[in-house]
2 protein chains.
Amino acid sequence: LTDGKVYLVGAGPGDPGLLTVRAAALLALADTVLYDRLVDPGILKLVRPEASVIYAGKSVGSGDTQDKINAKMVSEAKKGRTVVRLKGGDPFIFGRGGEEAEFLRRNRVDFEMVPGVSSALAGAAYAGIPLTHRDYSSSVLIITGHDAPSKVKRAVDLSSAARAADTLVILMGAATIAETARRLIDGGLERETPVAVIQSATTKRQRTRLFRLVDLAEMSGTGAIEPPSLIVVGAVASLARDLDWFRVDGKTTLEKLRPAKKTAR
Amino acid sequence: LTDGKVYLVGAGPGDPGLLTVRAAALLALADTVLYDRLVDPGILKLVRPEASVIYAGKSVGSGDTQDKINAKMVSEAKKGRTVVRLKGGDPFIFGRGGEEAEFLRRNRVDFEMVPGVSSALAGAAYAGIPLTHRDYSSSVLIITGHDAPSKVKRAVDLSSAARAADTLVILMGAATIAETARRLIDGGLERETPVAVIQSATTKRQRTRLFRLVDLAEMSGTGAIEPPSLIVVGAVASLARDLDWFRVDGKTTLEKLRPAKKTAR
C-alpha cells in the first residue's frame, strides 16, 4: 500500500468560476476532502459522490481544532488516500497553509501546494478596484485585523504601514476596523483617505460601501461592518465609483452613501 | 449589431493548471484574444481556432504600444466581438488592468474583470514559501522594482517598507535588486535577512536560490539575477529549505548554495 498525498488547495474567494483548473481536477479525483467554513457550496459539487467530505472549519485561534485537522490529514494520507485540504482564497495568505505543510513534512506525508485566487486581490477587483494603478498606487500591503499580540513575531506596525504602502488591504478586519482606522490616522494617513468595505466579495451577497477613513475611525461598536469583509484603504478605493462592473441579478453591489451623521465635519 | 464586451483576464503565473475555470471558459468562446509576453503558450491552446489571436506584449514604459492595445480592444468590441485581454498573473497587480478598464469605460465599452492567481503569491508557494505564517509573518508588502520616479504619486518608500512588513515581495526586481537590497538594509532590515529569488516561477524553467540580504546588496552588475524573477524578503524565505515540494522532471528547483565569495564574513 503506497502512502497517499495531501494537496493544500485554495478554493478562491467565493465565485466558483475563480477556482483554478487544477483545483477542480483534484476535487474530482480526491478520496477525502477537508474543507473550511469559507468555501462556497457550489465548489463542493465538484467532489465525486464516493469521496469523504469532511467539514474542518474552525474558529479563530482554536488550536484544538487545528490539531484535529492536522491529525486527520495525516491519518487519511497514511491509508493511501488522495486528500484535498480545501481553504477559501489562497491557503498561504492567512490560511495556515504553511503550518499545515510543516506538519505534513514532519510526519513524512507527501504534499503539494495549489495556490488559489486570493480574496485579498480578487475581492477588490469585483468591487472595481485595481490594487495598483500607475497614478495612484505602486505598493500593496496585505494584513489581517486578527493579528494576535501573543505571537513570537512582532505585531503589525500600523504607523509604518500607513507610510509604507499606497494601498492597504485588510482581511478579517471587520471587528477591529474602528481601532485600525484610528491607528492609521495617528500614523499619518489623511482623515479623508478613501476606504472601500467589500462584504462577501465575489458572491451573490456582495455589498460594497465607500467611506472616508475618519468615518470608520468614528464608528462605535462592532456591528457596523459584518464579516466576512475585505477592507481596502487608499486612493484606489475611489475608483470603485467609476469601475464598478460586477452585477448581482442585474444590480450594482455598490452603495455610495456615507453614514449620514458623519457628513457634517 | 450589439456591442461586444472586453474581459480583462488573468492567466495566472505560468503553470496552465493555475488558470481559473472562468478564464478557460472565456478563452474557449472569445472572438479575439489580445495576449501579453508572459502568458504561457500552453494556455493559448485553449483558444478556439477561428479566433483572432493577437500578440500585445510590450516593453516597460512603452506608452505607444499601450495606446495601440487600448485602441484595438475598443475597435474589436465595437464590432460586436467578445474580446479577452489576457495578461500574466493578475491584471490588477502591476498589470495595468485598472488603466485599461478606465479606458474602456471612457469609450463606453462594457467590460468585466477576471482576476487571476497572482505570480506574487503563487510563485512563492511553488518555492515552498508561505508568505504568511503564524510564527514569522502577519503582513505582506507587494512592490515592483520598476517603480518609475516620474509618476504622479510618491515612489515606494523602502525604509518604511522595511519596518512595515514581515514579508516583502518584489516583482520585476531583477535589474534593481542590489540597490533595493542596500536601501532595505539602510532602512533597518538585518543584513542576514533571508531572501529567495525565484526565476520563471511555476514553470518547467523554475529556479529557486536562497541568499542573505547582504549577499544581494554586494552584487555588482545586473546579470546575476535574470528576469522574470520573483524576490521574497523575510524570515519565511527560509522555509523553502523545509517545504520545497515542486519538482521538474523529478528534480528540486532549489539551489541552496550562496555565492562562494560571500560565505566568509
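The two copies meet through the same surface, because 100% of the interface residues of chain B are also interface residues in chain A. The contact (heavy atoms within 4.5 Å) takes 65 residues from chain B and 65 residues from chain A. This is a predicted model, in which local features need pLDDT of at least 70 and side-chain atom pairs count only at pLDDT 80 or more, while totals for chains, interfaces and linings use all residues. Residues are numbered from 1 along each chain as its sequence is written, chains are lettered from A in the order in which they are written, and side-chain values use heavy atoms, with hydrogens and water left out.

Superposed by least squares on the C-alpha atoms of residues with pLDDT of at least 70 in both, chain B can be laid on chain A with an RMSD of 0.0 Å by a turn of 180° and a shift of 0.0 Å along the axis. That is the relation of a two-fold axis.

Between them, chain B and chain A bury about 5,500 Å² (accessible area, 1.4 Å probe, lost on being put together and summed over both), and 61% of it lies on carbon and sulfur atoms. On the side of chain B that touches chain A, S6(B) gives the most, with six residues; strands here are DSSP runs of E, at least two residues, numbered from the N terminus. The residues of that side divide into 34 nonpolar, 14 polar and 17 charged, with Gly counted as polar and Tyr, Cys and Pro among the nonpolar.

Strand S6 (residues 139-144) of chain A and S6(B) pair in the antiparallel sense over five bridges, where pairing requires at least two DSSP bridges. A:Ser139 has B:Ile143 as its bridge partner in S6(B).

How values were computed:
Buried area = accessible area lost by both parts, 1.4 Å probe. Helix = DSSP H or I, 4+ residues; strand = E, 2+ residues; numbered from the N terminus.
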